[in-house]
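Here are a few friendly notes to read alongside the model. Keep the structure open as you go through the points.

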Amino acid sequence: GRANLKRIAGSVIDGLGLKAKERGIVLRLSAPDSVPDIPGDADELTQVLQNLVDNALKYSRDQALVTVELSLITEPALLRLNLPQQRGAPAAIALSVRDQGPGIAREHIPRLTERFYRVDNARSREMGGTGLGLAIVKHIINRHRGRLEIQSVLGQGSVFTIYLPMDSLPAAPAPVAS
Ligand code: ATP
Ligand code: MG
């Protein structure tokens, strides 16, 4: 199928808006005017974004800021990101969910997408949940041949970014031999 990440982000933010508002959290979407559809499953990608925004809200203090940011990635950046290269000139969409929560210590980051893995602190225990959210995110992103990147600074916050490949553009015509 086809999926539009801007539409998906909008509907997830609408769906979680009340939950954020109750705690005075500002939930903001930043996106280019026009975001192309990507090949993908809209329901699955909705689940991805729902899990990431749910975490951002859950681990934020009241009155904090949570931002969902969409941007278009052009070809040169793909090599650095180690995204699948297709025929022609592929490009990707990046979607980041940024919070001002407690952050995650470096040693935990590689394990966050394991099933049932939770950072062992009082905070995540009292929050409830099963520790499956990020395992599901990782699974769905892999199925879409995308990538998940986690950046976090203790005491400052976290950024969860997913990169999803767009359709490859048609290959450039071969140069004419003279
Ligand atoms: P579930 O998603 O199943 O309700 P969960 O949120 O605990 O439970 P995950 O979403 O998989 O599970 O996250 C795993 C762990 O990663 C969390 O328990 C928490 O310790 C940590 N974590 C995830 N997102 C954040 C975040 N935005 N800020 C700080 N820690 C986070
Ligand atoms: Mg979660």
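1. **Contacts of Asn4.** Setting aside neighbours within four places in sequence, Asn4 is in contact with Val35 and Asp37. Bear in mind that this is a predicted model. You will find Asn4 in the loop between β1 and α1.

2. **The overall layout.** Stepping back, the chain has 5 helices and 7 strands. In sequence order they follow the pattern β-α-β-β-α-β-α-β-α-α-β-β. The chain has 178 residues, and 25% of them are buried. If you take the contacts between residues at least 6 apart in sequence, 71% join residues at least 24 apart.

3. **Helix α1.** Helix α1 covers residues 5-22, which is 18 residues. Along the way, α1 bends by about 45° at Leu16. After the helix comes Gly24, which has a positive phi, near 70°.

4. The buried residues of α1 are Leu5, Ile8, Ala9 and Val12. Their cover includes the strands β1 (2-3), β2 (26-30), β3 (38-39), β4 (65-73) and β5 (92-98), along with helix α2 (42-58).

5. **Helix α2.** This helix has 17 residues and reaches 24 Å from its first C-alpha to its last, close to the 24 Å expected at 1.5 Å a residue. Which residues of α2 are buried? They are Leu45, Val48, Leu49, Asn51, Leu52, Val53, Asn55, Ala56 and Leu57. These buried residues pack against α1 and α5 as well as β1, β4, β5 and β7.

6. **The largest nonpolar core.** This core has 32 residues, and those that touch the most other members are Leu5, Ala9, Val48, Leu49, Leu52, Val53 and Ala56. At least two residues of the core come from each of α1, α2, β4, β5, α5 and β7 (157-165). Which element gives the largest share? The answer is α2, with 7 residues.

7. **Leu52 and Phe160.** Not counting residues up to four places away in sequence, Leu52 touches Val97, Val137 and Phe160. Phe160 itself lies in strand β7. With 23 other C-beta atoms within 10 Å, Phe160 passes the cut-off of 20 and is therefore buried. Beyond its neighbours within four places in sequence, Phe160 is in contact with Leu52, Ser96, Val97 and Ile150. Phe160 and Leu95 are 65 residues apart along the chain, yet their C-alpha atoms are separated by 8.2 Å.

8. **Two positive phi values to look at.** Phe116 is not a glycine, but its phi is positive, about 70°. Phe116 sits in the loop between β5 and α4 (122-127). It counts as exposed because it has 8 C-beta neighbours inside 10 Å. Arg145 is likewise not a glycine, and its phi is positive at about 55°. The loop between α5 and β6 holds Arg145, and with 15 other C-beta atoms within 10 Å, Arg145 is partly exposed.

9. **Arg147.** To finish, look at Arg147, which lies in strand β6 (residues 147-153). How many C-beta neighbours does Arg147 have inside 10 Å? There are 19, so Arg147 counts as partly exposed. The C-alpha atoms of Arg147 and Ile162 are separated by 5.6 Å, with the two residues 15 apart along the chain.

Terms used
Residues are numbered from 1 along each chain as its sequence is written. Chains are lettered from A and ligands numbered from 1 in the order in which they are written. This is a predicted model: local features need pLDDT of at least 70, side-chain atom pairs count only at pLDDT 80 or more; totals for chains, interfaces and linings use all residues. Helices (H or I, at least four residues) and strands (E, at least two) are DSSP runs, numbered from the N terminus. A residue is buried if 20 or more other C-beta atoms lie within 10 Å of its own, exposed if 12 or fewer, and partly exposed in between; C-beta atoms are placed from the backbone. Two residues are in contact if their C-beta atoms, placed from the backbone, lie within 7 Å. The expected span of a helix is 1.5 Å times one less than its number of residues. The bend at a residue is the angle between axes fitted to the seven residues ending there and the seven starting there. A nonpolar core is a set of buried Ala, Val, Leu, Ile, Met, Phe, Trp, Tyr and Cys residues joined through C-beta atoms within 7 Å.
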